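Reader: I would like to go through this structure with you, piece by piece. Could you take my questions as they come?

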Amino acid sequence: MSTFEFLRYATLGQYVPVGSLVHRMDPRFKILAFALVVAAVTFSGTYLANVILLLTVFLLVALSRVSLGQALQGVRPALPVLAFLAVFQVLLPPQTFGGEACNLIWQWGFVELTDCTLRFIVVSTARLIELIVLTTLLTSTTTMAELAYGVEGLLAPFQRMGVPAHEAALTVTIALRFVPTLALQMERIVKAQIARGADFGTAGRFRFVKTTRRLLPLLVPLFLAGLRRSENLALAMEARGYTGGKGRTRRVKLRARPADYLALAAAAAFCIAMLNVDFATLGRALAAWLGQF
Amino acid sequence: MEMTRKANTSTLVRRIAVTGILVAITVLLGTLPVGGFIPFPTGVNATTLHIPAIIGGILEGWPVGWLIGLCFGLFSFLRATSPLFKDPLVAIIPRMFIGVTAYLAYRGLKRVNELLAVGVSAAVGTATNTGLVLGIAVLRGYMDISLAATVAATHGIPEIIVAVVITVAVVAAWKQIARRSGGSSV
Amino acid sequence: MVLLLTEPSSVVFFAASRLPIPMEGAFFMHATEPLIEISRLYHTYEGSGTEPIDALRGVSLTIHPGEFVAVVGTNGSGKTTLARHLNALLLPTRGEVRVAGLDTRQEAAWPAVRSQVAMVFQQPEDQIIATTVEDDVAFGPENLGLPADEIEGRVRWALETVRMWELRNRPPHLLSVGQQQRAAIAGALALRPRCLVLDEATAMLDPAGGREVLALLQRLHADGVTIVLITHHMAEAVLAERVIVLSEGGVAFDGAPRRFFACPNHVTRLGLELPPVADLAARMVRRWPDFPAGLFDLDDVVDALAFRNVQIEPLSFTDPPFASNGRPSVAARDLRYTYLSGTPLAVRALDGVSVEVHAGESVALLGATGSGKSTLLQHLAGLLEPQDGHVLIAGKDAHARQTDRRFLREQVGILFQRPEEQLFETYVGDDVAFGPRQLGLDREAVRERVRRAMEAVGLPFLDYKDRFTQSLSGGERRKAALAGVLALHPKTLLLDEPTAGLDPQSRRDLLATLRHLNREEGLTLVVATHNMDDVTALARRVVVLEEGRVALRGSTRQVFSQAERLRALGLDVPAAVAVMAALRERGLPVPAGALTLDEVEAAIVAGTAPLPVSETERGDL
């Protein structure tokens with residue numbers, strides 16, 4: 001590790017201040033809309049549904065004025081995993097999903113590929129890409145501060161029921177704020193320990209304890225430093241009069257605009273549609289219709 | 001500074017600070033090229049990302065453990081590159097229990113022997129993580145029972161060992177828990 | 001004008017006891033109600049041992065609005081404990097603390113107390129909770145439940161007062177330490193407190209940063225804010241109107257700084273240092289008993305010297321030439337290095353640096369923040385690989401494939417900034433033993449190395465090896481970290497800001513250890529530092545960096561005689577050198593090249609024939 005530079009890694013999901021419609025959304029609504037679309041993706045298991053979802057996702061990318069390259073950046077590390085999983089699935093004995101009958105498509109030796117398996121592989125891949133791109137979109141169009149405000153705003157109505165909205169949001173803020181700082185500290189610790197002769201490699205096939213112990217000079221100081229900082233932090237928070245969310249005001253007031261409500265409504269409608277339409281039948285009908293040509 | 005431990009800071013403020021920092025460490029372990037998992041030559045990578053939730057549960061109680069676990073789950077979901085963990089039910093739900101079970105185990109055994117309590121608590125928290133993640137994976141159809149059992153054995157056991165070693169080292173140093181020998185080994 | 005002061009009477013000084021202490025303040029009429037009243041305050045807590053610790057024993061004092069008070073004392077004297085009672089972060093075990101009439105033991109009073117007495121702590125980074133400066137400064141007013149535009153107004157005012165408004169959207173990790181501390185001060189100011197308490201707030205800052213903060217405090221004081229400054233630096237205490245000296249939990253002095261520093265014996269007996277001018281005056285008094293005592297201002301000292309017709313001998317100060325024996329221990333040839341190259345945050349840290357250090361030398365690396373000192377040190381240690389140029393350790397290229405990493409480690413050791421961060425074992429002995437164990441030594445050898453290393457740094461082996469690392473004080477932890485590196489028996493030791501943030505006693509211990517290791521045991525030293533007095537104590541040679549290039553190099557004396565040049569490079573000169581430059585400006589022919597007050601004193605003494613002491617004068621003494 002002759003170039004350390006941990007700070008490179010510590011920036012989560014590069015915020016790109018492009019100023020698109022999506023950027024300007026009220027973060028509360030953005031997070032909710034995101035969650036709704038994610039739900040739609042999570043529960044869609046058919047070809048047709050995923051085609052629609054993929055198109056929708058790329059439409060959102062265009063709306064956010066984020067470059068396609070950046071949006072797909074997160075997908076690259078996933079490709080080897082996907083390839084491996086595809087092969088893995090094929091090698092497994094055929095499984096039924098949802099109890100329907102599966103037809104054999106292809107066979108080579110003992111390897112059998114059913115249409116169910118094929119669909120599973122394709123759909124999984126599509127879903128993964130959709131989710132990765134959606135996540136990248138969220139982090140590219142929202143600053144960390146906005147995320148914290150959004151989380152707090154969403155939880156605020158539940159304050160009456162005892163949900164600590166501001167406290168949770170403050171926790172998120174603190175976490176986001178300290179990631180780069182702790183990354184820099186981690187770098188110093190790693191360098192200091194290497195200079196003392198620490199070796200972070202493996203100790204042998206089954207020497208679990210010994211291998212783990214080699215990482216202690218790295219991990220223990222990180223936790224200890226973090227805990228010490230949290231004590232100082234608590235003092236500073238008390239000194240500035242923090243007593244919990246009650247009675248607090250905020251410098252920035254989130255104001256939802258009609259466009260935000262519209263976007264949320266669209267996301268909700270989309271989600272409901274995706275979850276209720278019988279894409280299986282629709283897909284078959286479409287395939288039959290296309291088969292005419 | 002020893003000063004701060006006796007300071008008049010409220011439990012709430014302390015817990016918010018600890019939770020924030022431990023979540024930051026979770027994120028860090030998941031993003032940096034080092035520390036997030038311990039590679040064993042058998043090809044198994046024992047992750048360490050659940051350890052902050054365990055430590056939070058031991059040091060500050062179940063609400064802190066729960067929240068760190070939830071954030072761990074969210075983070076795991078957001079940056080996952082495999083379909084298994086891109087499923088929020090697999091990534092998020094099980095993680096909420098890591099800190100809680102760890103806390104319960106620690107509280108239960110604390111009176112017997114503190115170091116033992118910490119170790120068992122780390123094991124319980126890890127087992128909760130492995131067990132619930134694999135359990136929901138099976139329920140959602142990502143794998144069948146036999147595969148899940150194999151993964152539990154090959155991944156789960158090293159992860160328990162890793163968690164116990166690290167958690168005990170951290171908590172013993174922080175809370176100044178004496179070893180049976182009463183001192184260093186030098 | 002000669003100030004005739006009698007030996008300060010015992011009226012002013014008392015041990016920490018029940019005797020009443022007349023305060024300067026008592027002699028003035030205060031039109032306003034006291035802001036802070038402390039009555040017979042005791043604070044006891046459980047230490048890590050079995051005995052409870054009495055941090056404060058019966059402290060009573062009053063602070064009125066608009067005062068500028070400095071609180072000084074050695075480590076363990078109770079300064080921080082006292083400070084934390086002022087805003088109810090600590091509660092009295094016995095006795096009472098009242099802020100604007102409110103009793104701090106009443107929980108209902110805490111919000112009011114904390115909005116009137118705001119506090120700034122030692123670690124700048126750990127006070128900033130939000131992701132941008134602006135959001136963080138708003139935290140306090142938000143807690144007060146103020147309306148949004150009021151909050152905006154206060155944030156703007158606070159940031160403009162500390163001169164950070166342009167940086168309001170920066171995340172904290174991209175700020176320098178000085179900027180972080182100013183942001184923290186802004187966060188405290190946004191509460192619009194009547195009193196600002198600073199608990200060693202300049203300890204982690206470089207001299208320039210410290211000066212900025214002090215200037216800010218003086219501006220605030222002029223605007224009517226009460227300032228309570230807890231500090232180790234006597235130069236800061238001197239700026240206050242009133243200094244409270246704590247010793248072993250009690251008040252040993254409470255009055256004007258000049259009265260306190262007029263009694264150097266008492267000052268040193270309480271474990272504190274004298275500011276440089278007072279130190280010089282005290283030396284004059286020791287030499288010539290009729291030299292006016294209690295002088296504080298440079299002008300008064302000059303006048304007194306002139307009155308006595310003091311001539312200063314133009315002694316020339318030189319050091320014996322250093323005999324180098326051939327090949328350098330560590331060398332850098334034309335190094336270039338850029339951080340985060342290829343990203344928008346790229347920073348060119350080294351731009352063609354060449355340095356050579358020979359065995360047994362001690363070299364100081366100076367430079368403003370960002371000049372590349374830390375980067376150069378890490379290259380010399382073989383930790384970073386240069387993007388251009390070579391690093392040679394004991395003659396071998398540090399990054400050539402054939403070079404054995406273990407060999408490198410035995411040649412060069414490095415102590416990073418805040419090395420106490422590297423401690424990870426539960427017990428001190430185990431941590432120091434880590435390095436030797438990694439070298440694969442057997443049990444006996446490890447134990448011996450640990451023992452020697454711990455004794456060398458001043459942590460007696462048997463006493464400290466079984467102590468919990470987390471129970472040690474900051475200074476002790478730093479010594480333990482140094483021991484951990486010394487146990488590797490490196491031939492060259494690189495140190496990055498070794499005394500930053502230490503209290504004066506720990507700093508003196510550390511410098512003495514390093515000096516001994518260099519002069520007596522031949523350990524080669526390369527020290528990067530902001531502290532010019534450290535340089536005088538340790539280094540024979542100095543290399544000054546500016547923006548990744550060598551701007552100045554030479555012997556310590558040569559470099560420090562170029563005060564103007566150094567100031568242009570953003571650096572200070574040692575306190576003694578600054579005093580001499582000031583003396584020179586006022587017409588006294590102080591020789592160039594003197595580095596310490598000892599040398600200045602020697603020059604003054606050498607030039608002045610002793611005045612005849614008459615019988616009557618001797619009788620009066």
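Reader: To begin, how many helices and strands are there in chain A?
Author: This is a predicted model, and its chain A holds 13 helices and 2 strands.

Reader: What share of the residues in chain A is buried?
Author: Chain A has 293 residues, of which 40% are buried. Among the contacts of chain A between residues at least 6 apart in sequence, 75% join residues at least 24 apart.

Reader: What does the model score in ipTM and pTM?
Author: The ipTM is 0.93 and the pTM is 0.87.

Reader: And for chain C, what is the mean pLDDT?
Author: The mean pLDDT of chain C is 86, with 91% of its residues at 70 or more. Within chain C, confidence is highest in strand β8 (residues 226-230), at 97, and lowest in helix α24 (residues 615-620), at a mean of 38.

Reader: Over which residues of chain C does the pLDDT stay under 50?
Author: One such stretch is residues 1-29 of chain C, for which the model has 44 contacts beyond four places in sequence. The pLDDT is also below 50 over residues 611-621 of chain C, a stretch with 4 contacts in the model beyond near neighbours in sequence.

Reader: Let us turn to the interfaces. How many residues of chain A are in contact with chain C?
Author: There are 48 residues of chain A in contact with 59 residues of chain C. On the chain A side, the elements that give two or more residues are α1 (7-10), α8 (144-155), α9 (165-195) and α11 (216-239).

Reader: Which of them gives the most?
Author: Helix α9(A) does, with 15 residues on the side of chain A that touches chain C. By residue type, that side of chain A divides into 23 nonpolar, 11 polar and 14 charged.

Reader: Staying with chain B, is helix α5 mostly covered or uncovered?
Author: Helix α5 (residues 96-109) of chain B is mostly covered, as 10 of its 14 residues are buried. Among the buried ones are M96(B), F97(B), Y103(B) and Y106(B). The buried residues of α5(B) pack against α2 (51-60), α3 (62-78) and α6 (114-139) of chain B.

Reader: Now the nonpolar cores. Which residues touch the most other members in the largest one?
Author: The largest nonpolar core has 294 residues, and V71(C) and L365(C) touch the most other members. Its largest share, 17 residues, comes from α9(A). Apart from this core lies another, of 28 residues, which includes A33(A), V41(A), L131(A) and A263(A).

Reader: What does L365(C) touch?
Author: Leaving out residues up to four places away in sequence, L365(C) touches K373(C), L376(C), L377(C), V526(C), V527(C), A528(C), V543(C) and L545(C).

Reader: Into which domains is chain C divided?
Author: Chain C is divided into domain 1 (24-274), domain 2 (276-317 + 575-621) and domain 3 (328-547). The centres of domain 1 and domain 3 of chain C, taken over C-alpha atoms, are separated by 34 Å. In the contact between these two, 11 residues of domain 1 meet 10 residues of domain 3. The domain 1 side of that contact divides into 3 nonpolar, 6 polar and 2 charged residues.

Reader: In what order do the strands of the open sheet in chain C run?
Author: The order is β2-β1-β4-β5 in chain C, a sheet of 4 strands with antiparallel pairing. Strands β2 (52-63) and β5 (102-103) of chain C each have a single partner strand, so one side of each has no neighbour in the sheet. Strand β1 (residues 36-46) and strand β4 (residues 94-99) of chain C are joined by 5 bridges, and Y42(C) has R94(C) as its bridge partner in β4(C).

Reader: Last, why does A293(C) count as partly exposed?
Author: A293(C) has 19 C-beta neighbours inside 10 Å, whereas a buried residue needs 20 or more, so A293(C) counts as partly exposed. A293(C) lies in the loop between α10 (276-287) and α11 (298-307) of chain C.

Notes:
Residues numbered from 1 in each chain as written. Chains lettered and ligands numbered in written order. Predicted model: local features only at pLDDT ≥ 70, side-chain atom pairs only at ≥ 80, totals over all residues. Buried ≥ 20, exposed ≤ 12 C-beta atoms within 10 Å, placed from the backbone. Contact = placed C-beta atoms within 7 Å. Pairing = 2+ DSSP bridges. Nonpolar A, V, L, I, M, F, W, Y, C, P; charged D, E, K, R; others polar. Core = buried A, V, L, I, M, F, W, Y, C linked by C-beta atoms within 7 Å. Domains from an automatic or database assignment. pLDDT = per-residue confidence, 0-100.
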